[in-house]
Amino acid sequence: MSIRSSISPLLRGTAALSHLSKGSFRITRSSSSTSSIKVSTHRYLSTTTNFKMAAQDTPSGKEVQKDDNVITNWVNPSDKSGEFKRQQSTFRSFISSSPGSEFPPEAGRYHLYVSYACPWANRTLIARKLKGLEDIISFSVVHWHMGPKGWRFVTDEEAEQEDVKGEGVVPHEGGLSHLREIYFGVNPEYEGRFTVPVLWDKKGGRIVNNESSEILRMLNSEFNGLIDEPFKSVDLYPEDLRREIDETNEWQYDLINNGVYKSGFATTQEAYERNVKALFEALNRAEKHLADGTEGPYWFGERLTEVDIRLFVTIVRFDPVYVQHFKCNIRDIRSGYPAIHKWMRNLYWNIPAFKDTTNFNHIKFHYTKSHTNINPLSITPLGPVPDILPRWEEVPAVSFRG
């Protein structure tokens with residue numbers, strides 16, 4: 001079977017959903033397009049010299065192959081299936097407002113270690129801001145580069161570099177160099193991955209939790225006694241929608257959130273094709289729901305929930321990274337999924353919690369310069385330009401007259 005024939009059902013399905021076959025197309029060229037490209041190109045070229053320090057922590061392809069357990073081997077070389085298998089989170093305690101809780105909600109007690117590049121960590125930053133917890137829970141951001149020792153903290157010098165700087169991008173206050181030191185400090189025998197987010201108990205010197213979906217739930221409900229309206233009334237997991245939220249989360253996590261990784265980290269053609277087809281079938285399903293199944297700007301109509309957060313962090317990275325880097329290129333979002341594209345841009349441009357926690361420099365540089373098994377020369381593509389389109393602007397391919 002040819003590649004074209006194997007994906008044609010996906011193409012037909014998406015075209016039907018997007019209504020791109022209707023009407024006549026009008027190709028336009030914006031007068032601002034050239035200038036925007038120049039600005040973006042300058043941004044990337046101006047940071048080239050700052051990659052030297054990051055590259056020192058990057059293993060060569062040969063070094064990666066020496067050790068089956070190196071952290072940047074996303075699929076064990078001895079696994080002939082070629083399938084990426086995500087590790088389960090290890091620390092699963094809960095902050096709870098219940099009497100006698102081991103981890104009660106307290107202002108200033110907890111800290112989030114995150115990466116702007118990581119979609120799982122990005123979830124928690126969005127929820128933190130939506131719930132008005134900025135003065136309750138502190139956070140800090142690791143460097144976008146991941147080497148064989150995992151995530152590392154920035155130096156004073158790096159924190160001011162254009163490709164690195166951002167809110168919370170600061171050296172570790174205790175002088176640690178890598179996130180792994182926090183894990184080993186809690187458990188010297190720890191053998192898992194050193195993942196973000198990490199919810200840290202400053203008072204007890206312990207990791208509370210490193211599972212983003214559970215941290216999301218804690219931030220949603222357990223600090224309500226410490227915050228005022230309107231933040232207290234923000235409910236990302238409302239009682240009457242919980243069954244539908246859980247069902248949606250289940251298929252979106254497996255096929256979309258994790259689906260891009262199962263596609264991009266696959267080490268066999270068979271594993272890649274199986275997962276990328278499933279990914280685009282799920283995107284077709286999401287497109288149909290947002291186009292026909294909801295009357296509001298969010299997944300559940302007029303009510304913003306954790307489903308919007310969990311899907312957004314994948315979709316906002318799709319065109320800048322996943323299309324080319326993870327070979328998720330049957331379609332892109334901006335030209336192939338108009339309803340998803342509209343939904344994503346509404347969140348980004350109209351709700352500060354989404355835009356303010358999205359750092360495209362960290363996103364693009366992390367994937368393209370850390371995954372040397374996929375991109376051994378660590379070259380970061382300049383496009384797409386812009387990283388995200390303005391609220392009402394479309395690419396020429398979808399500008400048409402009805």
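Visitor: What makes S2 and strand S3 (residues 138–141) a parallel pair?

Guide: Welcome! Keep in mind that this is a predicted model. Two strands pair if there are at least two bridges between them; S2 and S3 have 4 bridges, in the parallel sense. Within that pairing, His111 stands opposite Ser138 in S3.

Visitor: What does the chain pass through as it crosses from S2 to S3, and which hand does the crossover have?

Guide: The path goes through H5, and this β-α-β crossover is right-handed.

Visitor: How do you know that S2 and S6 pair, and in which sense?

Guide: They share 4 bridges, against a requirement of at least two, and they pair in the antiparallel sense. Tyr113, for instance, stands opposite Val198 in S6.

Visitor: And what joins S6 to S7?

Guide: There are 3 bridges between S6 and S7, and these strands run antiparallel. Look for Asp201, which stands opposite Arg206 in S7.

Visitor: Why are S3 and S7 called edge strands?

Guide: Start with the whole sheet: 4 strands form an open sheet in the order S3-S2-S6-S7, with mixed pairing. S3 and S7 each have a single partner strand, so one side of each is left without a neighbour in the sheet. From one strand to the next, the twist averages 30°.

Visitor: Where does H5 sit relative to this sheet?

Guide: H5 packs on the sheet and touches S2 and S3, its direction making about 140° with that of S2.

Visitor: Why is S2 described as largely enclosed?

Guide: Buried means under 20% relative accessible area. In S2, 5 of the 5 residues are buried, so the strand is largely enclosed by the rest of the structure. Tyr110, Leu112 and Val114 point one way, while His111 and Tyr113 point the other way.

Visitor: What makes helix H7 (residues 212–221) largely enclosed?

Guide: Here 8 of the 10 residues are buried, so H7 is largely enclosed by the rest of the structure. Among the buried ones are Ser212, Glu214 and Leu219. The buried residues of H7 pack against strands S2, S6 and S7, and against helices H5 and H11.

Visitor: What about Cys118 and Cys328: buried or exposed?

Guide: At 9% relative accessibility, Cys118 counts as buried; at 0%, so does Cys328. Both values lie under 20%.

Visitor: How many disulfides are there in the whole structure?

Guide: A search finds 0. To count, a pair of cysteine sulfur atoms would have to be within 2.5 Å.

Visitor: Which residues touch the most other members of the largest nonpolar core?

Guide: Those are Phe312 and Phe318, in a core of 100 residues. H11 gives the most to this core, with 11 residues. Leaving aside neighbours within four places in sequence, Phe318 is in contact with several residues, including Val260, Leu279, Phe280 and Cys328.

Note on methods: Residues are numbered from 1 along each chain as its sequence is written. This is a predicted model: local features need pLDDT of at least 70, side-chain atom pairs count only at pLDDT 80 or more; totals for chains, interfaces and linings use all residues. Side-chain values use heavy atoms; hydrogens and water are left out. Buried means under 20% relative accessible area, exposed over 50%, partly exposed in between (1.4 Å probe, protein chains only). Contact means heavy atoms within 4.5 Å. A crossover is right-handed if, with the strands pointing away from the viewer, the path from the first strand over the helix to the second runs clockwise. Axes are lines fitted to C-alpha atoms, for helices over the stretch in contact, and angles run from 0 to 180 degrees between N-to-C directions. A nonpolar core is a set of buried Ala, Val, Leu, Ile, Met, Phe, Trp, Tyr and Cys residues joined through side-chain atoms within 4.5 Å.
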